[in-house]
Amino acid sequence: MKKTSLMPYYRSFFHNNGKDFVWGLLATVVESACAVGIAWLIQQLLDACTGSADALPFRYLLVVSVVMLMAYLGSIQLDRVTTSRCIPKAMAQYKSFLFSKISQKSIAAFRQENTATYLSAISNDAQSVQMAVGDIFNGANSVLTLICAVTLMIWYSPLMTLAALMLAAVFFLLSLPASKSLIKAEQELSDCNEGVTSRFKDFLTGFSVVKSFQAEREMAALFSEDVAKSANADRKRRMANLMFYFTIDGGIAAARICLLLFGAYLAISGQGVSAGMVIAFVELLNHVMTPMQQIPLMLADMKAANALIRKAADNLEKNIRDEGEDIPAVMARGLELQQLSFAYEPDKPVLHGISHTFESGKRYALVGASGCGKSTLLHLLMGGHSYDGKILWDGHDLQSISTGSLYAMSSLISQNVFLFNATILDNVTMFREFSDDEIERALRLSGLSSFIAQKGMDFLCGENGCNLSGGEKQRISIARCLLRKSSLLLVDEATSSLDAKTAAQVSQALLDLKGVTEIVVTHALDAQLLRQYDEVLAIKSGRLAESGTFDELMQQRGYFYSLYTVTQ
C-alpha cells in the first residue's frame with residue numbers, strides 16, 4: 001500500500017513564512033560562531049594573564065570582546081524575535097491545513113471515523129509538533145555550534161580533540177536507549193490523550209442519555225480509568241525524560257573531569273598545550289556535549305512529531321472520494337434508481353432491488369414502518385455508502401459525480417438540526433454573504449419572519465441552538481436550504497420530534513416550496529399533507545411495496561392502506 005506523502009503537511013509550516021525562517025537561521029549561524037568565539041577569547045585572556053607570548057595584546061582583546069559581545073547579544077535577540085514570529089505562524093498554518101483536509105471529506109466518510117482523532121491532532125498532538133518546529137532552529141544552532149567547536153579544538157590540539165570526541169561518542173551511545181524510550185513514551189501518551197478526548201466528547205454528546213439512564217457513576221468510572229491511563233503514560237514519559245537527562249548530565253560531568261585531567265597532564269609535561277587552551281577545551285567541550293545532549297532529544301521530538309503527523313495524514317487521506325465529473329447544479333430530469341440494493345453487513349440486506357424514477361420539480365413522500373430502510377435510501381442518494389445497482393442524477397451515475405456537484409445540487413434536512421453558537425443570521429447564511437432580498441425571501445418562506453420580528457437577526461442561538469425551540473431550529477434549516485436554492489431537497493424525519501401543530505406547520509412550509517424536487521421521509525400519515533405530494537412510495541422490509549398518489553393507494557387497499565389505517 002502506497003504511503004501517504006507528508007510533504008504537503010511539512011510545506012504548510014513554511015508557506016509565506018520563509019523570510020522569518022531564513023533570518024532565524026542566519027541569526028543561529030552568528031550566535032553559534034560567537035558562542036564558540038567566546039571560548040577562544042577565554043583562552044587568549046588566560047594566556048595573556050600568564051604572560052604567554054602567543055597571546056594577543058590586551059587592547060586588541062578588549063576591542064574583540066566588545067565586538068563579539070555585541071554580535072552575540074544581537075544574534076540572540078534576532079533569533080528570539082524571528083522564531084517568536086515564525087513558530088506561531090507555522091503552527092497556525094499547519095492547523096489550518098489540517099482543518100482544510102478534514103473539510104474535504106465527504107459526509108459519508110466522516111461518519112465512519114472517530115472525530116477524537118482529529119481533536120487530538122489539532123490540540124494535544126499539535127503541542128508536540130510545535131516543539132519539533134522549534135527544534136529546527138535549536139537543532140541548527142546545536143549542529144553549527146558543534147562544527148565550530150570541533151574545528152577550533154582541532155586547531156588547538158588534535159590529540160585533545162581526539163580524546164574529547166571519544167568521550168562525546170561514549171556519552172552519545174549511552175544516551176540512545178534513553179532517547180528511544182522517550183520516543184515510545186511520547187507516542188503512548190498521545191494515544192492515551194486521544195482516548196480521554198474521545199470519552200469526554202462522547203459524554204458531552206450523549207449527556208442527556210447519560211442523565212436519563214442515571215449512568216453518571218459508570219461514565220465517571222470509565223472516564224477516570226481513561227484519565228488514569230493517560231496519567232500513567234505521562235508518568236512514564238516524565239521518567240523517560242528524567243532518565244535521559246540523568247544520562248546526559250552524568251556523561252557531561254564525567255567527560256569534563258576526564259578532559260581537564262588529560263589537558264593538565266599535557267600542559268605539565270610540556271606538550272604544547274597552555275593553561276588557557278585547557279580551560280578553553282573544557283569550555284569547548286560544553287559546546288560539543290551540549291549539542292550531544294540536545295540532538296538526541298530533538299531527534300526524539302522530531303521522530304515523535306513525524307509519527308503524529310503521519311498519524312494525522314493517514315487518517316485525513318483515507319476515505320477520500322476521488323473527484324468525479326462536474327455536472328450542472330440545477331436538476332433538469334430527476335433521479336432514477338435501478339435495482340438499488342444495500343446492506344450494512346454482508347448477508348443482511350436493508351434494501352432489495354428498488355427501482356423508481358423521481359421526476360424533477362415533483363414532491364415525493366417515503367413512508368413505511370420503522371426500520372424498513374427509508375432513511376437509508378435517503379442517505380444513499382447523497383452518496384452515503386457503496387451500494388449495488390445504480391443511482392442516476394440527470395442520467396449521470398452518482399458514483400461518477402464529484403462531491404462538489406453533489407452538494408451543490410442537493411440539500412439535506414435531518415431530524416437532528418445542528419446550529420452553531422452564533423446569531424440566527426449566521427446560522428441561516430452559514431457565515432456567507434447573501435443579498436437582503438434573498439435572506440428576506442428565505443425567512444418568509446420558512447416561516448421565520450414573525451420570530452425574527454420578535455428576536456431580531458442578531459439573536460444568539462446558543463450551543464447547538466439551545467436557545468431555540470425544535471420548530472424554530474427546523475425552520476432555520478429550511479431557510480438555509482432556500483438560500484442555497486438547491487434543486488433537490490431531501491428531508492429525513494424532520495418533524496418527528498416536534499409537536500403536532502409545529503410539525504404540520506414545518507411540513508406545510510416544505511410543501512409550499514416551488515421549483516424544488518422534494519423527497520421526504522415522514523412518519524406522520526396525515527391525509528391532508530399526503531394528498532399534496534405528487535407520489536407516495538410505501539417501503540416494506542427494504543422493498544418498494546407500492547407507489548402512487550394518496551388517493552390511488554387508498555383505493556388499492558394494499559400495504560399503504562393497512563399502514564395508514566393502523567395509525568389513525
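**Working through the model**

Modeller: Thr 145 is buried, with a relative accessible area of 5%; buried means under 20% relative accessible area, exposed over 50%, and partly exposed in between, with a 1.4 Å probe and protein chains only. This is a predicted model, in which local features need pLDDT of at least 70, side-chain atom pairs count only at pLDDT 80 or more, and totals for chains, interfaces and linings use all residues. Residues are numbered from 1 along each chain as its sequence is written, and side-chain values use heavy atoms, with hydrogens and water left out.

Biologist: Where is the place of Thr 145?

Modeller: Thr 145 belongs to helix 6, residues 124-156. Helices (H or I, at least four residues) and strands (E, at least two) are DSSP runs, numbered from the N terminus.

Biologist: Moving on, at what angle do helix 7 and helix 9 pack?

Modeller: Helix 7 (residues 158-205) and helix 9 (residues 216-268) pack at about 170 degrees, and their axes are 8 Å apart. Helix 7 is therefore roughly antiparallel to helix 9. Axes are lines fitted to C-alpha atoms, for helices over the stretch in contact, and angles run from 0 to 180 degrees between N-to-C directions. Angles under 35 degrees count as roughly parallel, over 145 as roughly antiparallel, 65 to 115 as roughly perpendicular and the rest as oblique.

Biologist: And how do the residues of that contact of helix 7 with helix 9 divide?

Modeller: They comprise 30 nonpolar, 10 polar and 8 charged residues. Here Ala, Val, Leu, Ile, Met, Phe, Trp, Tyr, Cys and Pro count as nonpolar, Asp, Glu, Lys and Arg as charged, and the others, Gly among them, as polar.

Biologist: Is Lys 180 buried or exposed?

Modeller: Lys 180 lies in helix 7 and counts as exposed because its relative accessibility is 60%. Lys 180 and Lys 303 are 123 residues apart in sequence, and their C-alpha atoms are 9.8 Å apart in space.

Biologist: What about Ser 224, then: where does it lie?

Modeller: Ser 224 lies in helix 9. Its relative accessible area is 45%, so Ser 224 is partly exposed.

Biologist: How many residues of strand 7 are buried?

Modeller: In strand 7 (residues 488-492), 5 of its 5 residues are buried. Leu 488, Leu 490 and Asp 492 point one way, and Leu 489 and Val 491 the other way. In a regular strand the side chains alternate between the two faces of the sheet.

Biologist: Which strands does strand 7 pair with?

Modeller: Strand 6 (residues 410-414) pairs with strand 7 in the parallel sense over 5 bridges, and Ser 410 has Leu 488 as its bridge partner. Strand 7 is also joined to strand 8 (residues 517-521) by 5 bridges, running parallel; Asp 492 stands opposite Val 521 there.

Biologist: What do strand 9 and strand 10 form?

Modeller: They form a hairpin with 2 residues between them, and Ser 541 in the turn has a positive phi of about 50 degrees. Strand 9 (residues 535-540) and strand 10 (residues 543-548) pair in the antiparallel sense over 5 bridges.

Biologist: Lastly, how many disulfides does the structure hold?

Modeller: The structure holds 0 disulfides, a disulfide being a pair of cysteine sulfur atoms within 2.5 Å. Cys 49 counts as exposed because its relative accessibility is 68%, whereas Cys 372 counts as buried at 4%.

Conventions: Two strands pair if DSSP finds at least two bridges between them.
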